[in-house]
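This report describes the fold of one chain and the contact that it makes with its partner.

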Amino acid sequence: MNTVPPNILDLAIVGRNLHGATLRAHLGGTATLLVFLRHLA
Amino acid sequence: MFCRELVTDLRAAVAADKTFPDVLLFVLAKPEHAQGFFEERWPGAAVVCEASGLFHRDLLGARRMRLWELLRPSLLRRMLEARRKGHAQGRPQGDAWRLGGAMLVQGARVVWQYRAKDAADHPDLSAVPRDVSA
């Protein structure tokens with residue numbers, strides 16, 4: 001995958017310390033490391 | 001316990017290296033379940049709670065483990081290693097079979113990505129590109 005699909009960028013996100021209501025809004029143009037954790041335990 | 005280990009390592013990497021990129025964590029849990037975990041370990045972390053696993057599956061392409069993968073001796077070794085570092089096993093929240101990974105993005109552009117090979121596999125944080133201006 002070379003780019004994040006627009007439908008993913010525009011998904012609503014919920015959580016903590018987020019800067020926007022969608023992934024696109026949170027990321028802006030800043031380089032960001034997305035880290036996908038396994039289940040919390 | 002492996003998620004505790006990774007969050008601890010990430011927080012340390014961010015604190016130690018001013019060039020480390022911003023971090024956005026995705027967790028397979030509802031916000032109310034993630035609250036205690038992050039209040040204790042990294043209150044300032046940006047966290048997306050996605051109990052459905054949609055971002056794990058459709059953005060990263062993380063696969064689900066098979067039962068026999070939990071029986072690998074290498075996994076037992078990594079569990080002992082994580083315990084020695086002080087990370088205990090807590091009560092699981094969310095899809096315990098979905099693997100993790102990481103992806104460096106700038107806007108929509110994917111610069112680098114890593115998919116975990118097993119439950120204990122973490123991205124090498126020293127390999128994360130620092131300069132993505134190209």
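## Basis and secondary structure

Helices (H or I, at least four residues) and strands (E, at least two) are DSSP runs, numbered from the N terminus. This is a predicted model, in which local features need pLDDT of at least 70 and side-chain atom pairs count only at pLDDT 80 or more, while totals for chains, interfaces and linings use all residues. Residues are numbered from 1 along each chain as its sequence is written, with chains lettered from A and ligands numbered from 1 in the order in which they are written.

Chain B contains four helices and four strands, arranged along the sequence as α-β-α-β-α-α-β-β. Its radius of gyration (over C-alpha atoms) is 15 Å, close to the 14 Å from the globule rule for 134 residues, so chain B is as compact as a globular protein of that length. That rule is 2.2 Å times the number of residues to the power 0.38.

## Contact with chain A

Two residues are in contact if their C-beta atoms, placed from the backbone, lie within 7 Å. Chain B contributes 55 residues to the contact and chain A 27 residues. Elements of chain B giving two or more residues include helix H1 (2–16), helix H2 (31–41) and strand E4 (109–115).

## Pairing between the chains

Strand E1 (residues 15–16) of chain A pairs with E2(B) in the antiparallel sense over two bridges; pairing requires at least two bridges found by DSSP. Within this pairing, A:Gly15 stands opposite B:Val48 in E2(B).
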